Number of protein chains: 2
Amino acid sequence: MNELTHLKSAGLKSTLPRLKVLSLFESGSERHLSAEDVYKKLLASGDDVGLATVYRVLNQFEQAGLLVKHHFEGDKSVFELNQGDHHDHIVCLQCGRVEEFFDATIEQRQKKAAAERGFELHDHSLYIYANCVKSKCQYRS
Amino acid sequence: MNELTHLKSAGLKSTLPRLKVLSLFESGSERHLSAEDVYKKLLASGDDVGLATVYRVLNQFEQAGLLVKHHFEGDKSVFELNQGDHHDHIVCLQCGRVEEFFDATIEQRQKKAAAERGFELHDHSLYIYANCVKSKCQYRS
DNA sequence: ATTACGAATGAGAATGATTAGCATTAGCAT
DNA sequence: ATGCTAATGCTAATCATTCTCATTCGTAAT
């Protein structure tokens, strides 16, 4: 299933900006990108898309299930390619590096916690804020 | 330990706006309040504080450890009184009602997940988004 | 009590991320 | 090739939050 098929099945026309944004995520150099990140990367590669369009496209892709949106600590949100595998995130407070993880026990206990209190779990967000080991930390002062 | 002592020990002068804000939280009618909420409630009770002051005071209280700040889904952040007991939150997507919970297993698995990946856990945020049972849901369409 | 000085406040401007409005342009089915 | 609608790209608007700065308040020493 290629980019074009992805768009089609989401009921979205295959336009230049959309293809550009999608392939940026699929190229996979960086998994987590903010709207601003995407905008700058496109400009840098000579592709001339408006910032507003980037925001619109990202949100459409999220609705369509192609991307997932996250709100790490701070103001701006980031998007990542939806590859079907739910996972949570560990974010380094120093360098911002993000690592993904999945813990079945945590998932299950969440469902339980909700159920015990009369809630029907719909969704959740779990972010661990931590510090990398120095060897991996990309912090540049 | 009363309000005044709280402020003193945080190195904050005992001023009218600060006492007002603090007692709002301590009165406990609603546990989770946004800056806007606090501002409106104070105005409503005839206390004339500026919105900027509310923001400042809330942040100072957070730094001082009197309040804890949360970012539920959506844009604005909410504060609650810090009573020393860490807990996570379940938020109803319909009515916005918030219920608190604590699960030792989840806490422990988080620490483990971080450690296994070479992170030193500093903090975390876990929000469960769900739907109340109809009997409790305060949703008004 | 009075003074004096720095901290705190209030009002409004400024910021930063995100969205809305609208005229122009580009997909795509005919 | 044509036409219609959806998509784009500006720019202006919004919303929460922070900053600026002149004025006022709290407090510790007189």
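Predicted model: local features only at pLDDT ≥ 70, side-chain atom pairs only at ≥ 80, totals over all residues.
A residue is near a molecule or strand if one of its heavy atoms lies within 4 Å of it. Residues are numbered from 1 along each chain as its sequence is written.

**Exercise 1. Describe the protein surface near DNA strand D.**

Step 1: Start with the count. DNA strand D is surrounded by 18 residues, and the closest are Thr15(A), Arg18(A), Arg56(A), Tyr55(B) and Ser77(B).

Step 2: Sort by class. Five are nonpolar, six polar and seven charged; here Asp, Glu, Lys and Arg count as charged, Ala, Val, Leu, Ile, Met, Phe, Trp, Tyr, Cys and Pro as nonpolar, and the others, Gly among them, as polar.

Step 3: Find the main contributor. α4(B) gives the largest share, four residues.

**Exercise 2. Find polar contacts (pairs of N or O atoms within 3.5 Å) to DNA strand D.**

Step 1: Look at a base. A polar side-chain atom of Arg56(A) is 2.5 Å from a base nitrogen of DNA strand D.

Step 2: Turn to phosphate oxygens. One lies 3.1 Å from a polar backbone atom of Asp48(A), and one lies 3.2 Å from a polar side-chain atom of Asn59(B).

**Exercise 3. How do α3(A) and α4(A) cross?**

Step 1: Take distance and angle. The axes, lines fitted to C-alpha atoms over the stretch in contact, come within 9 Å and cross at roughly 125°.

Step 2: Name the arrangement. That angle makes α3(A) oblique to α4(A), since angles under 35 degrees count as roughly parallel, over 145 as roughly antiparallel, 65 to 115 as roughly perpendicular and the rest as oblique.

Methods
Chains lettered and ligands numbered in written order. Heavy atoms only, no water. Axes fitted to C-alpha atoms, helices over the stretch in contact; angles between N-to-C directions. Helix = DSSP H or I, 4+ residues; strand = E, 2+ residues; numbered from the N terminus. Polar contact = N/O pair within 3.5 Å; in protein donor to acceptor, adjacent residues only side chain to side chain.
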